[in-house]
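Reader: I'd like to talk through this one before I set anything up. Could you show me the structure?

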Amino acid sequence: DAALLDRSATTAVPTPAAFAVKDELTRHMRGFADVVSSLKDRGQSNHISISVLPSWAEIWFPRHLASLFAKIPEIDLRIEGSTKRADLHAGQFDFAVRHIGQPPPAHDGRLLIEDFVAPVCTPDFAERYKLTESTKSMVGVPVAEIEISALGSTTELGDIFDWCREFSIEPPERGPGIMMLKDATGQTMASAGLVIFLTALINAIDEIQSGKLVLPFSSKISKRPYSFWLIWRSEMRLNSVQKAFVDWMEDRAGRDTRVTQQILGWD
C-alpha cells in the first residue's frame, strides 16, 4: 500500500502518491459533502452559483432574470462571467455554462443552444459600407473582433477571418483597425453603429428582432461545431431549487432557440 502522508513528530506532509490522487479524492470527497449537505437541509438550500462565459453574464442572464425570479423567487443566485473553465469538483460553483461538444467525464448536463454566428451591424452601417448578400470584400470596413488567444480554453471559437474564408469573402485588413474586445463589448460597439462584429446569434436575437441590428450578409450564417451546455458534477444530488433552476435554464434556452430559428427562417 502506498503511504499518503510522511509523518514526523510535529508535521504530516503529503507524499507524491497523495498528490497523484488529489483530484480524484477531491471529486469523491465533494460528492460525499453533497450527500451530507442534502441530508442536513432536506433539499431546502436556495443558493446557486454558476460560472458562465462573459457574454452569458452580460447579455443572456440579464435578458431572462425577471422570469427566473418570477419562477423561483426564493433563489439566491451568484453568477460569475469568465473565460476560464471552472473546476466544478473544487466546490466553488454548482453549475457552469460552457461552449463544448458534450459534457466532460464525471459531469451531467443539458444541451441549451446550438451556436450559430454571423456578422451584425446597424442598418445605417450596412448602408454606409454597402454591405449586402452579394458583397465580396470587407476591405476597409471597421471591424471589432475578439482576441481568440486571450480566451484560454475556448480556443475553438472562430473569428471574422474564418467566417470570410468560409463564404469566400475578402477579409478586412489585419492591423490597428481591428479592435480586440470581449464579446459583449463588441456587440455594444456594433449597436452604436461603429463597427461590424461577428457574434453568436444567441447574443443578438433581441436587437435583430427589434431592427437595431441586422445581418447584412443575410443567409451567410455559420454553425459552430460546439454548443452551449449547462453542466454539473455527476455525483451532485440536485435539490428542489437546483432542479427548478435547471428546468428554467432549459426552458429559456428553448425560447431563444425558437427565436433563432425564426431569424434563420426555419420556423
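This is a predicted model: local features need pLDDT of at least 70, side-chain atom pairs count only at pLDDT 80 or more; totals for chains, interfaces and linings use all residues.

Reader: Start with helix 8, then: how far apart are its end C-alpha atoms, and what span should its 25 residues give?

Author: Helix 8 covers residues 240-264, and at 1.5 Å a residue its 25 residues should span 36 Å, which agrees with the 36 Å between its end C-alpha atoms.

Reader: And what caps the N-terminal end of helix 8?

Author: That is Asn239, which has a side-chain oxygen 3.0 Å from the backbone nitrogen of Val241. After the helix comes Gly265, whose phi is positive, near 80 degrees.

Reader: Switching to charges, how many salt bridges are there in the whole structure?

Author: The search finds 12 salt bridges. One of them pairs Asp256 with Arg63, with the closest N and O atoms 2.9 Å apart, and this pair links distant parts of the chain, since Asp256 belongs to helix 8 and Arg63 to helix 3 (residues 54-71), 193 residues apart.

Reader: Are Asp256 and Arg63 buried or exposed?

Author: Both Asp256 and Arg63 are buried. For Asp256 the relative accessibility is 0%, and under 20% counts as buried.

Reader: Which other residue forms a salt bridge with Asp256?

Author: Arg255 does, its closest N and O atoms with Asp256 being 2.5 Å apart, and Arg255 counts as partly exposed at 24% relative accessibility. Salt bridges that share partners join Arg63, Asp206, Arg255 and Asp256 into one network.

Reader: What forms a salt bridge with Asp247?

Author: Arg110 does, with the closest N and O atoms 3.0 Å apart. This pair also links distant parts of the chain, with Arg110 in strand 6 (residues 107-120) and Asp247 in helix 8, 137 residues apart. Arg110 is partly exposed, with a relative accessible area of 26%, and Asp247 is partly exposed too, at 37%.

Reader: New topic: how many aromatic pairs does the count give?

Author: The count comes to 12 aromatic pairs. In one, the rings of Phe125 and Tyr129 have their centres 4.7 Å apart and their planes at 40 degrees, so the pair is tilted. Phe125 is buried, with a relative accessible area of 0%, whereas Tyr129 counts as partly exposed at 29%.

Reader: Which residues do ring pairs link into a cluster?

Author: The cluster consists of Trp56, Trp60, Phe61, Phe95, Phe228, Trp232, Phe245 and Trp248.

Reader: And which charged end sits over the ring of Phe116?

Author: That of Lys223, which lies 6.0 Å from the centre of the ring.

Notes: Residues are numbered from 1 along each chain as its sequence is written. Side-chain values use heavy atoms; hydrogens and water are left out. Helices (H or I, at least four residues) and strands (E, at least two) are DSSP runs, numbered from the N terminus. The expected span of a helix is 1.5 Å times one less than its number of residues. A polar contact is a pair of N or O atoms within 3.5 Å; within protein, one must be able to donate a hydrogen and the other to accept it, and residues adjacent in sequence count only if both atoms are side-chain atoms. Rings of Phe, Tyr and Trp (its six-membered ring) pair if their centres lie within 6.5 Å; planes under 30 degrees apart count as stacked, over 60 as edge-to-face and the rest as tilted. Buried means under 20% relative accessible area, exposed over 50%, partly exposed in between (1.4 Å probe, protein chains only). A charge sits over a ring if NZ of Lys or CZ of Arg is within 6 Å of the ring centre and within 35 degrees of the ring normal. A salt bridge is a side-chain nitrogen of Lys or Arg within 4 Å of a carboxyl oxygen of Asp or Glu.
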